[in-house]
Amino acid sequence: MTDNEATARAAIQATLMRYTWGGDNGVFDDFVNAFAEDGVLEIKGTGSFQGRATICDGGMNGFGSSEEKRNRIRDAGRFSHHLSSTRIELVDATNAKSWSYFAVFGKLGPDHWGRYTDTLKKVGDQWLLAHRRVSTDAAMPHSAFYPDGVV
């Protein structure tokens, strides 16, 4: 691995962490700025949100769902996202792909889990999400996001 590849991988990991930490802690700027200006957050079964303002409104605030769902998620308290088995593939000097498993924990324990499939692009000295697909595989019946446990 070259120094440039190692630097790119570290920057991509930092972007993935900025997204999870921003989401977990309600830091909208960190969450949204993990995306390119024209980036897309696609949530399987819910829809797609393009551009930082739309991602913030739809993705950060209960995934663009009903007011009732947004309030339930907000009232559930702090969440903790965990990423694992992250695979990063550098396509070229300015494009990359990554795949990760995620698990989300709340005050009642495991909430929901699944996979992230990402396309990233280098913008200046940062690697930003050009497209993130969130595929939730399952949820607990007490899930703040899926209260009946059905994904």
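The structure is a predicted model, in which local features need pLDDT of at least 70, side-chain atom pairs count only at pLDDT 80 or more, and totals for chains, interfaces and linings use all residues. Residues are numbered from 1 along each chain as its sequence is written, and side-chain values use heavy atoms, with hydrogens and water left out.

The chain contains four helices and six strands; helices (H or I, at least four residues) and strands (E, at least two) are DSSP runs, numbered from the N terminus. Along the sequence these elements follow the pattern α-α-β-β-α-α-β-β-β-β. Of the 151 residues in the chain, 38% are buried, where buried means under 20% relative accessible area, exposed means over 50%, and partly exposed lies in between (1.4 Å probe, protein chains only). Contacts (heavy atoms within 4.5 Å) were also considered by sequence separation. Among those between residues at least 6 apart in sequence, 48% join residues at least 24 apart.

The six strands form an open sheet with mixed pairing, in the order S2-S1-S6-S5-S4-S3. Strand S2 (47–50) and strand S3 (80–92) are the edge strands, each pairing on one side only. Neighbouring strands of this sheet are turned by 15 degrees against each other on average, direction ignored. Axes are lines fitted to C-alpha atoms, for helices over the stretch in contact, and angles run from 0 to 180 degrees between N-to-C directions. Two strands are taken to pair if DSSP finds at least two bridges between them. In general, the strands of a sheet pair through backbone hydrogen bonds, either parallel or antiparallel.

S3 and S4 run antiparallel and are joined by 10 bridges, with Arg87 opposite Trp99 in S4. A hairpin links S3 to S4 through two residues. Within S3, Ser85 has a positive phi of about 50 degrees although it is not a glycine. Ser85 is exposed, because its relative accessible area is 56%.

Strand S4 (residues 95–106) is in turn joined to strand S5 (residues 109–123) by 12 bridges, again in the antiparallel sense. Phe105 stands opposite Pro110 in S5, and Val104 has His112 of S5 as its bridge partner. The hairpin from S4 to S5 passes through two residues. Another 12 bridges join S5 to strand S6 (residues 126–139), and these two strands also run antiparallel. Here Leu120 stands opposite Leu129 in S6. The hairpin of S5 and S6 has two residues between the strands, and Gly124 in this hairpin takes a positive phi near 65 degrees.

A parallel pairing is found between strand S1 (residues 35–43) and S6, over five bridges. In this pairing, Phe35 stands opposite Leu129 in S6.

Helix H1 (residues 3–25) lies across S1, S3, S4, S5 and S6, and runs at about 145 degrees to S3. Beyond the sheet, Ser143 is found in the segment after S6. Ser143 counts as buried because its relative accessibility is 1%. Not counting residues up to four places away in sequence, Ser143 touches Asp111 and His112.

Empty space was examined as well, since rolling a probe the size of a water molecule over the atoms shows where such space is left. On a 1 Å grid over the protein atoms alone, a cavity is a set of points where a 1.4 Å probe fits but cannot get out, whereas a pocket is an open set with protein on both sides within 12 Å along at least five of seven lines; lining residues have an atom within 4 Å of a point. Grid points are joined across faces, edges and corners, and a volume is the space filled by probe spheres set on the points. The second largest pocket has a volume of about 210 Å³. Residues of its lining include Asn4, Glu5, Leu90, Asp92, Lys122 and Trp127. H1 gives the most to this lining, with five residues, and H1 and S3 each supply at least two. By class, the lining has five nonpolar, two polar and four charged residues; Ala, Val, Leu, Ile, Met, Phe, Trp, Tyr, Cys and Pro count as nonpolar, Asp, Glu, Lys and Arg as charged, and the others, Gly among them, as polar.
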